Every structure is written in C-alpha cells, then in structure tokens.
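Subject: Handing over a structure, with notes

Dear colleague,

I am passing on the structure below, together with notes on what was found in it. Please look through the structure first and keep it open beside the text as you read.

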Amino acid sequence: MCRHICLHIQNRRRIKGFLDKSIFRLIEKVHNIVDHKLVNFLVHYVVNQKMLKKIISCAVVSCVFFGCAQKEEVSMQKSQKLEDWKKTICYEIYPSSFQDSDGDGVGDLKGITQRLDYLESLNVGCIWLTPVYASPMRDNGYDVSDFYQINPLYGTMADMDELLQQAKKHHIQVMMDLVFNHVSNESAWFLESKKNRTNPKSDWFIWKDPKPDGSAPNNWRGIFGGSAWTFSEERRQYYLHTFADFQPDLNWENPEVRQALYDIANFWIQKGVGAFRMDAIVYIKKPTDFRNGAPDAADGLTLIHTMTANSAGILDFLHEMKREVFDGKNVFTVAEANGILPEDLKFWVGDSGVFDMLFEFEHLQGSDIWFSTKTRSTKEIKQAIFKSEKETAKNGWYPVFFENHDKPRSVNAYFPETADKTLAAKAILTLLFTLRGTPFLYQGEELGMENVTWNSIDCFKELNSKSQYAMALKEGFLPQEALRFVQKYSRDNARTPMQWNAEKNAGFSSGKSWIPVHENYKQINVATENVNENSVLAWTKKLLDFRKNSEILLQGNWEPILENDENIFAYKRTFGGKSIFVFVNFSEKEIALEENFMQKAKQIFSSYGDEKKNAIRPFESKIFAD
Ligand code: GLC
Ligand code: MG
C-alpha cells in the first residue's frame, strides 16, 4: 500500500514536475520503511513543504487508513527475503558428550555424523560444534593450541570433511566456534611469545611488567577465579588471561594477530562451514589504562568483566573482521555477548552491526560469581526477553536460547523443585520455538535432561566448579553451602552424555564414559521418549513440525500480552492477518482466560495433552490460534 502511495507521488512529480530532487529521493527511500515511519515522514513534509500539502496530506490519510491494515502485506514482502538461518533450528553439540563412535568414552566427529538422521528428524538446519580443534583440553577445547588441526580425541581432518559433506546431504550447516580472545598456553604462538621480549611474536599477547614489589600489574580476577595475571619466569613479566591461566589473551592491538585470526576463519569458510559462533568476543579489546577496580569479594580482587567487557574501540576491530572475513560470504554469525544490553544491540547486529545475532545473557540464571548470584524471578526473565524481542524487531535478529554447555539445565534453573519436570521442560521448549527468532536447542534439552545430582565436590570435573567452590569457602561459606552453589551452577550439569536409549551408558559409548551418565537415563532418553506421545521429545517434534510450516511463527510480528503478570509468559504472533497466542505458566497458580477470548480462540496445543479448558494450569503451556 505505502509503496503504491510513493509510486503515485512519483508519477505526480513526473506530471507536474515541481517536486524538488531531494524530496523525490527521500520519497524513493521510504519504499521499504514500515507504515508508521512513512506516516511520520510524510507528516514532516506536510509541515515543511507547504507547496506539497495537498498531495502529501492525501497520501497521509490513505496511509493512516490503509497502512495499518496493510502492515501484514509489508511483512509478507519482507518474508520472501527471510534468510534460511532465520527460519531454521540450530542445535548445539558438545562433542565430548554427544556420541562416541570408537569406544574410548569420548564423543567424536564420526559419532556426530552417525546421528545426522536424528538431527534432520528435528528439522535442525545448523549444528554448532563447540571447539573441535587441537587442544590440551584443560577447558574442554576452549584452550585451542592449533586452529588448523582437529583434536585427535575427536578424529581427523578427514572425519571433519566427511561430517561437512554428510551434513550437507542432510541440509545441515556446520557452525564452528571461534575462540578468538585467547589461545592455549601450549600453542606455538604463546610458546614463542613467552621465550623473551624480542621474538617475532613477543607482542602477540598482553605482557606487562610487575609492580615494583613484584606483584601483578593490577587487581583483576579472571572469570575462572584467581588473579587474571600469571608471571612468566622467562620474560620476567606477567601475561593477562580473562579466563584460566592456561588461556592467555591475544593482543588484538597487533595487526598481525588480527590477520592471523582472519586467516583462520577464512580457512574454515573455504572448508565449507556455514556459520560461526564467536566465543567471549566482548573481551578482545582492553581499556587503555589497566587500573585497579573496587574489590568485589574477600580476595580483594575485582572481576575482569567489569573492567574490560565492551571497551571503547571494540567495534572498530569487529568491523574490520567483518570486512576481512564475513562480508560477501555465505556464512552467518552469532556472538557470545555477555553484558551487551538490548539498547546497544543496534551497534552489534542488523544493517550497521557486525554480527547477525548476539547471545545475550540477561534472561539466564547464573553469573560469574556463583555465591553472590541472585536467582532471577520469572518477571525479570520475561522483561529481559521481551526487551530483546522488541529491540531485535528493529535491529538484527534474536537467537532464542535457554541452555548451553556453560549453563545449568533449564528444568532445574527456571522452576521450583516441586514443579513437574516434564511440564517444565515443555514450557521452556514452547518459548524456544514460538518466540520470534532462531531457536538454539542444546543437546538433551529436547528430552528434558536434568542437572547432575552429585554430592561431593570431587565428582565435579570442569575447572570453574572447583574454583567457584574455593572462592565460596574463602568468602566464609560452609562446605555444604559452597557445594550447593556448585550443584546449582556447575557447567557439568549440561555436560553429561546425551541420553540415546536405556542401554549401557545411555547408548552414548560402549566404553567407559569420560563423565558419568545421568542416573535418570532409563526414563529420559531418545528411544523411550520416541514411543511416548506425552514425552518431552514428542512435544519438541510436534512444535517443530508446526513451526516449520507456520509463517506466523517464523516471521510474524511479536507482541506481549499480560506483560505485568508475575508468572505467565504470554504473547501474540501475527502474520497475514492471522494470530497465534502463546501462554506459558511458570508457577503453580492457575489463571482463568477470558470468556470472550476462549470463544474465539482455537486451541492448538496444551502440554497437559487434553481438550480446551479456559485456564492456564500449573506449569502448563498452551497455544491458540484465532
Ligand atoms: C565461553 C565458553 C566457555 C569457555 C570460555 C572461555 O564462555 O562458552 O565454555 O570456558 O568462553 O573460552
Ligand atoms: Mg570417541
């Protein structure tokens, strides 16, 4: 409609020939602007260009009357351009724990290839592999020693090529994890850099002299606990590490470092990967002054995140990377962006941004210091997600996610212990597949996998659990309390093996698994859930099949309902004049739905699996159409 008005105005111009050129160009520009913006634009001209008053005000009126009604037409025009990655499902694989093919107890690339049929059956169009490069594996691959080699634990480069080829046949893209903030201290780059102060790579990391008393340059604490500085005897200098001491930060100020990183990304594009996840990207730029921060715990240190995340100038580096790597290539990107607020999204994603999507953290349970983490209320989670939905409607696109390899399982994280776990899992999946954006499903989430139930700190494997435990003790907590924080937030919660069936090791491995299989694997697994129509997996499949063919869910507008309710997540999706209504109850309290609404609405799904009832019951997920 609006487009027609513009064309109409252009024709008038040709006929009358009195519109000045700049106005004409501006009018041309508005072809793709949504209706309300066009109205504002036109009103502006009514005010400023008296001469045009007649023509334009006529256009304004038409636009006000027809524009709203035609909103959907505008979306439909856009819909034809919706890229595949906006319509698909991304599935995160933690390779060590997905499928072991050779009985060594560790998942591997061949194992992933064997499971492509399963992934395709879930309509997965992209698999994100957490790092599979050569690595000493002290942070399970996030300590890369060589980006050009595959970790022998996972297989060979030939296995990787095979996976890429087979994935393509299953219409699945492979997303690689680029860990560009740091590398392993065993990488050739670091080994050379630390030799002395004059070698060719001496400036590839962040080296600083000790303070006169020999202590670290400042009081920053690494994200995995302890000082963010480690002393090297060879250079008699400290190097900076945002994470563990074996993960030295790269010096992005050095153009050679940046070029080396771009070369790596381009190498993987050449190999045929279709997407990248950018690890810990907010830390690559350091502030110019390395000053102390106010201590935030009994150790007298301050979390490095508060001092370095999103430092001024970071976007210059990222724009350069975009130019050198992503521009003009058929790849999409999602960046881990802890601390970027929805209002800043416009600088990071969308037409003038640097990535396609950003993983925000504001809606997640947990933070960098576990003993002082406050559990977020349903309302806070809702507000964070709703804010992102609103912002990404203007800029970029939202990657919807609740779980990943660093976070606890959502059935434990978002619901009281008394909640029915099947309903809880379905509730999260309902949001995941019906919010506006690309869903990122984490392995096992589709089954309702749960947190570990380990009762001793010795059972925990990942390094952050150990350091958070030590930090809590230092802060004065009792061992039982410190253990409780670990149980709640440990990254191991998400890292137990994928549960495929009720057989040995849940079908994950024929050998001894590197990490224990969850004891609930006999009930929660793919094979068992596949034949139970009320299972979490059955719910996943129902929703995914529905989503696949629903333009409303794929690209419809998103609008909150019951925005101030403390317990219910509710929103409306609209496209082509039709709507879908989603209600998810995060509490035990039941709420009634209006008679009026119930008369018009058709129930499509209820996680209770029964007929239409005019209430949202405890932990129920319900979807209606008009
Ligand atoms: C990211 C990863 C996490 C890793 C860290 C350091 O946060 O998701 O697993 O330990 O970066 O690379
Ligand atoms: Mg193996």
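To begin with a contact between a charge and a ring, the charged end of Arg 617 sits over the ring of Tyr 608, at 4.2 Å from its centre, where "over a ring" means that NZ of Lys or CZ of Arg is within 6 Å of the ring centre and within 35 degrees of the ring normal. Arg 115 likewise lies over the face of Trp 500, and here the distance from the ring centre is 3.7 Å.

Before going further, please note that this is a predicted model, in which local features need pLDDT of at least 70 and side-chain atom pairs count only at pLDDT 80 or more, whereas totals for chains, interfaces and linings use all residues. Residues are numbered from 1 along each chain as its sequence is written, chains are lettered from A and ligands numbered from 1 in the order in which they are written, and side-chain values use heavy atoms, with hydrogens and water left out.

The surroundings of the ligand

Around ligand 1 stand Asp 139, Tyr 142, His 182, Phe 224, Phe 243, Arg 277, Asp 279, Glu 336, His 405, Asp 406, Arg 491 and Arg 495, a residue being counted as near if one of its heavy atoms lies within 4 Å of the molecule. Sorted by class, this shell has three nonpolar, two polar and seven charged residues; Ala, Val, Leu, Ile, Met, Phe, Trp, Tyr, Cys and Pro count as nonpolar, Asp, Glu, Lys and Arg as charged, and the others, Gly among them, as polar.

Polar contacts (pairs of N or O atoms within 3.5 Å; within protein, one must be able to donate a hydrogen and the other to accept it, and residues adjacent in sequence count only if both atoms are side-chain atoms) join the ligand to several of these side chains. An oxygen atom of ligand 1 is 2.9 Å from an N or O atom in the side chain of Glu 336, another such distance, to the side chain of Arg 277, is 3.1 Å, and a polar side-chain atom of Arg 491 lies 2.9 Å from an oxygen atom of ligand 1. On its own, ligand 1 has 310 Å² of accessible area, and the protein covers 95% of it, with areas coming from the Shrake-Rupley method with a 1.4 Å probe and, for residues, only the protein chains shown counting as cover.

Tyr 94 is in the loop between strand 1 (89–93) and helix 7 (109–114), helices (H or I, at least four residues) and strands (E, at least two) being DSSP runs numbered from the N terminus. With 1% relative accessibility, Tyr 94 counts as buried, a word that means under 20% relative accessible area, with exposed over 50% and partly exposed in between (1.4 Å probe, protein chains only).

Aromatic pairs

The structure holds 44 aromatic pairs, that is, rings of Phe, Tyr and Trp (its six-membered ring) whose centres lie within 6.5 Å, with planes under 30 degrees apart counted as stacked, over 60 as edge-to-face and the rest as tilted. Among them, Tyr 148 and Phe 267 form an edge-to-face pair, at 4.9 Å centre to centre and with 70° between the planes. This pair links distant parts of the chain, since Tyr 148 is in strand 4 (residues 146–150) and Phe 267 in helix 11 (residues 255–271), 119 residues apart. Phe 267 is partly exposed at 25% relative accessible area, and its ring is also edge-to-face with that of Trp 268, because the centres are 5.2 Å apart and the planes at 85°. Trp 268 itself is buried, at 0%.

Two backbone details

Most residues other than glycine have a negative phi. Asn 140, although not a glycine, has a positive phi of about 45°, and Asn 140 is buried, with a relative accessible area of 15%. Asn 310 has a positive phi of about 55° and is partly exposed, at 27%.
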